[in-house]
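Please open the model in a viewer and keep the selection panel at hand.

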Amino acid sequence: MQQDRANDDDVTDARRSGVRKTVLVLVVFVVAVFAWTIFGRLIR
Amino acid sequence: MMLNRRRQTAGRVPDIAARIAAVAAALYASVGHAEWALNFQKPVTTIGHVQYDLHMLILWVCCVIFVVVFGVMFYSLFAHRKSKGSTPAKFSHSTKAEVIWTIIPIVILVTMAIPSTQALIRMEDTTASDMTLKVTGYQWKWRYEYLDHDVDFYSTLSTPRAQIEGTEPKGENYLLEVDNHVVLPVGKKVRILLTAADVIHAWWVPALGTKKDAIPGYVNEIWVYIEEPGTYRGQCAELCGKDHGYMPIVVDAVSEEEFDAWVAGQKSG
Amino acid sequence: MTATTADHHDDHHPTGIKRWLFSTNHKDIGTLYLWFSFVMFIVGGLMALVIRSELFMPGLQVVDPHFFNQMTTVHALVMLFGAAMPVFVGLANWQLPLMIGAPDMALPRLNNWSFWLLPPAATLLLISLFMPGGAPAAGWTIYPPLSVQGGMGVDFGILALHMMGISSIMGSINIIATVMNMRAPGMTLLKMPMFVWTWLITGFLLVTAIPVLAGAITMLLTDRHFGTHFFDPAGGGDPVMFQHIFWFFGHPEVYILILPAFGVVSQIIPTFARKPLFGYTSMVFATATIAFLSYIVWAHHMFTVGMPLTGELYFMYATMLIAIPTGVKIFNWVATMWRGSMTYETPMLYAIGMVFLFTIGGFSGLMLAVVPADFQYHDTYFVVAHFHYVIFGGTILGALGAVYFWLPKWTGHMYNETLGKWHFWLTVIGMNLTFFPQHFLGLAGMPRRIPDYALQFTEFNMMSTVGAFLLGFSQILFLTNVLRTIKGGEKASDRVWEGSEGLEWTLPSPPPYHTFVTPPQVK
């Protein structure tokens with residue numbers, strides 16, 4: 001059981017950093033698409 | 001305000017009776033001359049015929065594929081039932097089958113794309129026209145300018161309000177009638193320029209086989225070569241506000257002599 | 001295999017209203033999403049019945065033309081953003097963690113937020129009906145300059161769309177983050193169930209498409225109030241540009257609605273055919289191909305705006321291409337049924353109905369792709385029939401099938417099979433009676449979005465209205481069945497169905513509040 005929890009925490013840490021990276025990339029992407037949609041019209 | 005409302009309520013009872021009568025009359029009328037039209041109105045222009053043939057071609061292709069695919073599916077639904085003792089097969093892929101059912105649709109699509117491309121090229125070629133009609137969409141009427149003949153007029157719905165509200169029986173061309181008809185000659189290539197003054201409209205007469213948006217700030221082009229004299233009716237096809245359903249189009253296709261006489265009449269009038 | 005919760009410290013379990021308001025539990029939030037979308041489905045459905053009542057016969061009987069336009073517009077917005085999108089987010093919330101063996105969604109608090117944005121957004125949209133000038137009435141496509149003319153209801157609508165959009169973006173970020181990072185050890189991408197795959201791809205479509213919509217409606221808002229001229233030709237703007245931007249969002253949106261339904265059907269058919277899904281890998285690639293193509297075909301919604309010939313040809317060819325991966329999916333489903341051992345419980349009926357009716361919508365879509373013929377079909381009832389076959393026949397039937405499929409797992413009770421079958425048949429008959437005649441109306445020349453019509457269209461409109469009421473009222477059977485199943489009924493086993501495959505069926509029915517706290521091992 002103790003062993004299980006330890007493995008579990010490793011999994012959790014790995015997941016946490018993966019989630020963080022995924023979210024960062026997606027948020028930047030969303031903001032970029034939104035900005036491009038509007039500012040793309042302005043510089044035309 | 002209150003008074004007004006009360007007066008309206010008072011007038012409502014006979015109003016409802018009139019409406020019920022109108023419903024009954026409409027039901028009777030619809031049984032009387034039911035149309036049940038299933039397909040395009042009869043095309044009367046050169047491109048209209050091309051369009052109709054293309055439409056029927058794709059329709060039949062779709063029907064054949066439909067029958068084949070769902071024939072197989074319904075056979076399977078019937079034959080491979082657990083209650084009939086069917087035991088599940090184990091296969092879960094077959095490269096051969098998958099390649100076949102990727103290739104066949106490609107072949108069908110290419111054979112459909114060829115006549116479509118030819119038709120489209122023809123429809124978009126507005127060069128070498130005999131005359132030009134400029135159409136401007138307004139909320140909610142059409143303006144027609146004959147650029148080569150110096151004729152200019154507006155065209156609005158002529159169906160009486162009472163017919164719409166149901167206090168009067170509806171006429172044969174209910175909602176498809178206007179005060180001033182567009183008159184066009186048969187046997188001539190007519191270029192039609194489309195634009196709008198306020199919001200986007202779309203000029204559409206089904207029998208002429210084409211439709212395009214009338215957009216403020218843009219001038220769009222279509223052309224028609226009408227082969228048969230007659231009266232052809234259509235409507236605005238792009239939502240343009242409250243009375244979008246009430247800005248019809250009526251085209252009278254007439255012989256060249258009649259057209260010239262009409263133009264002369266318009267000028268003297 | 002059963003996950004234990006006893007030694008878990010974070011097992012907060014508030015009760016009453018707090019349970020739902022503050023919930024970060026994927027099952028509770030999934031339930032909220034599902035109920036919200038059902039309520040919206042009914043609200044949007046009632047609006048559809050107002051539309052159909054007015055169109056029962058020629059003349060103006062029930063509403064005035066301006067209110068009619070508000071109904072068509074708000075019906076569409078409520079159905080798309082209130083019902084069809086949230087129902088699949090709800091299914092994803094319930095099912096994705098169970099299917100990939102994760103303890104919850106990756107971002108539980110964000111999950112709570114993305115749900116609780118929806119009720120205020122829907123309220124904003126609906127109260128716009130009572131504003132001076134009424135609700136948005138320019139169609140759900142809100143094309144300027146018409147949408148610039150509307151009253152403050154349009155601003156309410158834009159704000160509501162923004163909030164629903166933010167909710168969708170957060171929901172899809174959450175789903176992508178969950179699927180990418182929270183899978184049980186051993187579950188490689190190509191071992192994921194099809195429903196997970198289709199949602200992953202849908203997630204990517206959402207994060208690309210929704211910000212574009214947000215940009216478009218922001219520009220519309222500044223055009224309305226802050227003196228910009230993005231879409232006003234009088235100030236050097238371009239109304240057609242709005243259409244290009246809108247449909248760059250709008251076409252992927254269509255696939256956002258249908259791909260998760262494809263995923264559901266790909267779960268249901270193998271279960272009841274008792275045979276593995278045919279061509280799993282080609283299904284995954286077909287889904288990805290459809291998603292990719294959805295970005296490059298947008299202008300087929302606007303063939304009549306007067307594009308250059310080359311543009312029209314390109315969009316025609318690209319659109320026709322979509323038929324190929326879509327065909328692959330349909331053939332794969334039929335091949336999955338082939339030589340299976342089939343039984344026809346309600347979820348299977350829905351899956352078969354979906355394949356059949358969606359394909360009719362697919363065929364009319366192919367017809368619409370052919371530009372010379374589209375010049376006749378465009379903006380007629382043919383288009384209305386087409387997209388209702390796709391969205392009702394595809395998306396909604398898929399969602400209803402999914403609810404019947406997983407309801408025993410969620411509640412621990414079997415639903416009433418007889419009632420389920422009645423609901424299926426009445427829905428399918430009602431739907432076909434409503435929408436099939438609309439093909440004929442469109443071909444014969446009836447434009448869409450008109451409150452009143454010429455006499456030759458009367459008969460098919462009457463049929464359509466009768467069908468719509470049948471369709472609407474048969475949903476009472478669905479509500480009854482679901483409520484009765486929640487309250488009680490025959491106990492469901494863990495596997496529920498004889499042919500069940502996948503992690504969710506290894507859990508008890510109903511699953512405990514926290515599941516897969518220790519990740520399962522997938523071989």
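Select chain B of this predicted model. Its secondary structure comprises 6 helices and 10 strands. Chain B has 269 residues, of which 45% are buried. Among its contacts with a separation of 6 or more, 64% are between residues 24 or more positions apart.

**The hairpins of chain B**

Next, select residues 131–138 and 141–146 of chain B, which are strand 1 and strand 2. These two strands run antiparallel and are joined by 6 bridges. A hairpin through 2 residues connects strand 1 of chain B to strand 2 of chain B.

The hairpin between strand 2 and strand 3 of chain B has 4 residues between the strands, and D150(B) in the turn has a positive phi of about 60 degrees.

Now show the side chains of K134(B), R143(B), E145(B) and D152(B). A network of salt bridges links these four residues.

**Salt bridges within chain B**

Over all chains, the structure holds 15 salt bridges. For one of them, select E228(B) and K42(B), whose closest N and O atoms are 3.0 Å apart. E228(B) belongs to the loop between strand 8 (220–225) and strand 9 (230–236) of chain B, and K42(B) to the loop between helix 2 (12–32) and helix 3 (46–79) of chain B, so this pair ties together parts 186 residues apart in sequence. E228(B) is partly exposed at 31% relative accessibility, and K42(B) is exposed at 55%.

Move to R191(B) and E221(B), a salt bridge in which the closest N and O atoms are 2.7 Å apart. R191(B) lies in strand 5 (residues 189–196) of chain B and E221(B) in strand 8 of chain B, so the pair joins parts 30 residues apart in sequence. Both residues are partly exposed: R191(B) has a relative accessible area of 24%, and E221(B) is at 30%.

**Where chain B meets chain C**

Which of the 2 pairs of chains in contact shares the most contacts? It is the pair formed by chains B and C. Select the interface residues: 94 come from chain C and 96 from chain B. Together the two chains bury about 8,200 Å², 70% of it on carbon and sulfur atoms.

The interface has 1 salt bridge. To see this salt bridge, display K82(B) and E498(C), with the closest N and O atoms 2.8 Å apart. There are also 30 residue pairs in polar contact between chain C and chain B, counting pairs with both residues at pLDDT 80 or more. On the side of chain C that touches chain B, helix 12 (residues 323–337) of chain C gives the most, with 9 residues. That side of chain C consists of 60 nonpolar, 23 polar and 11 charged residues.

Centre the view on T304(C), in the loop between helix 10 (280–294) and helix 11 (309–321) of chain C. Is T304(C) buried or exposed? T304(C) counts as buried because its relative accessibility is 0%, below the 20% limit for that class. Beyond its neighbours within four places in sequence, T304(C) contacts K211(B), K212(B), D213(B) and N220(B), together with F375(C) and H378(C).

**A buried pair in chain C**

Select D379(C) and R448(C), which form a salt bridge with the closest N and O atoms 3.7 Å apart. D379(C) lies in the loop between helix 14 (371–377) and helix 15 (381–411) of chain C, and R448(C) in the loop between helix 16 (417–444) and helix 17 (458–487) of chain C, so the pair ties together parts 69 residues apart in sequence. D379(C) is buried, with a relative accessible area of 6%, and R448(C) is buried at 13%.

**Where chain C meets chain A**

Finally, select the contact in which 32 residues of chain C meet 20 residues of chain A. About 2,100 Å² is buried between these chains, 74% of it on carbon and sulfur atoms. On the chain C side, I173(C), N181(C) and F230(C) lose the most area to chain A, together 21% of what that side buries. The interface of chain C and chain A has 0 salt bridges and 4 residue pairs in polar contact, both residues being at pLDDT 80 or more. Helix 8 of chain C supplies the largest share of the side that touches chain A, 10 residues. Chain A and chain B have no contact, and their closest C-alpha atoms lie 17 Å apart.

Terms used. Residues numbered from 1 in each chain as written. Chains lettered and ligands numbered in written order. Heavy atoms only, no water. Contact = heavy atoms within 4.5 Å. Buried area = accessible area lost by both parts, 1.4 Å probe. Polar contact = N/O pair within 3.5 Å; in protein donor to acceptor, adjacent residues only side chain to side chain. Nonpolar A, V, L, I, M, F, W, Y, C, P; charged D, E, K, R; others polar. Buried < 20%, exposed > 50% of the residue type's maximum accessible area, 1.4 Å probe, protein only. Pairing = 2+ DSSP bridges.
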